[in-house]
Amino acid sequence: METRKLGPELEVGAVGLGCMSMSGTYGTDFDDAESRSTLHRAVDLGVTLFDTADVYGPFANEAVVGHGLAAVRDRVVLSTKFGFVRDSTGRNHGVSGRPEYVRQSCDLSLQRLGTDHIDLYWQHRVDPDTPIEETVGAMAELVAAGKVRYLGLSEAGPDTIRAAHAVHPITAVQSEYSLQSRDVEAEVLPVCRELGIGFVAYSPLGRGLLTGAITSAADLPEDDWRRTSPRFNGEALDHNLALVDACREIAAELDCTLAQLALAWVLARGEDVVPIPGTKRVRNLEANVAAAGLRLTPEHVARLEEIVPPDAVAGERYADMSAVNL
């Protein structure tokens, strides 16, 4: 697989792997053995960036990923996050960027991952009650201590990115980015490029909406959180599915799946953009990685963006958008 750089130093495969679904979130149909097979196959295919978080599971996902990649630890980039405060039952207690919480979270993540360092450590969500300078200052201490190699911010706004980068270099910013979620193009991506910060695109398949596999809300498991998402309900879902269907002609011309077309569009946004499609199954992983070899012409890109312009999708990406782009 071709590689791309996040920031000036961190080189990763052009397509990474989001690991969240290996520990629930999209229903309870998951299996640790299958997840390990998917992780191993990803390494074989040239994937190097593996993205998890302490909150996934919660707490279980880091252990699955760390154990699954232990034998190839020196060949992969382990990426994890802190910020959401959960108790032992998984109940949410808000967001924290307090320095003491940063240090505590890092030590616990290292234990669960079974490693002595985290390659890319993210603040999962910005804490509005803690100055970003204090949070990133604590993260910088982790770098100095050898516990972390590079720093990232997830769902941060342009002012926060600038302030954080002034304290310690930020290697990458992560946000939802796909053909149906393009709000970062207005300010976040330009600031990243101005400062030389890489961009990691999570949910590049629109949480499955852009794959064509979802035809109605009935396709989602009863315990799938997408049932609470504005984009997956009622008239909004019908509208969004029609947009996906309109892309099928281009996929047929290129002899690729809708999912591969959506990933190729993200990859075409720039060499500083690395999508991390999530999956727990080998067959989906193999199809996603194959998209790295698909090249869209400017004409294909223009046609896709005519079908799905930035404001075409119905519904916000979260029911509550107050915690993103802060």
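A residue is called buried when its relative accessible area is under 20%, exposed when over 50%, and partly exposed in between, using a 1.4 Å probe and protein chains only. This is a predicted model, in which local features need pLDDT of at least 70, side-chain atom pairs count only at pLDDT 80 or more, and totals for chains, interfaces and linings use all residues. Residues are numbered from 1 along each chain as its sequence is written, and side-chain values use heavy atoms, with hydrogens and water left out.

**Stop 1: Glu-62**

Select Glu-62, which lies in helix 2 (residues 60–68). Helices here are DSSP runs of H or I with at least four residues, strands are runs of E with at least two, and both are numbered from the N terminus. Glu-62 counts as buried because its relative accessibility is 0%. Leaving aside residues up to four places away in sequence, Glu-62 touches Thr-52, Ala-53, Asp-54, Thr-80, Ser-109, Arg-112 and Leu-113. Contact means heavy atoms within 4.5 Å.

**Stop 2: helix 4**

Next, select residues 132–144, which form helix 4. Its buried residues are Ile-132, Thr-135, Val-136, Ala-138, Met-139, Ala-140 and Leu-142. Show what covers them, including strand 5 (77–82), helix 3 (99–113) and strand 8 (118–123). Just after helix 4, Gly-146 has a positive phi of about 85 degrees.

**Stop 3: the cavities**

On a 1 Å grid over the protein atoms alone, a cavity is a set of points where a 1.4 Å probe fits but cannot get out, and lining residues have an atom within 4 Å of a point. The model has 2 cavities of 30 Å³ or more. Grid points are joined across faces, edges and corners, and a volume is the space filled by probe spheres set on the points.

For the largest cavity, of about 60 Å³, select Leu-179, Leu-210, Val-244, Cys-247, Leu-258, Leu-261, Ala-262 and Leu-304. Helix 9 (residues 258–267) gives the largest share of this lining, 3 residues.

The second largest cavity has a volume of about 50 Å³. Its lining is Gln-180, Leu-209, Leu-210, Asn-240, Leu-243, Val-244, Val-308 and Val-313.

Methods:
1 Å grid on protein atoms, 1.4 Å probe; cavity = no way out; pocket = protein on both sides within 12 Å on 5 of 7 lines; lining within 4 Å. Expected span 1.5 Å × (residues − 1).
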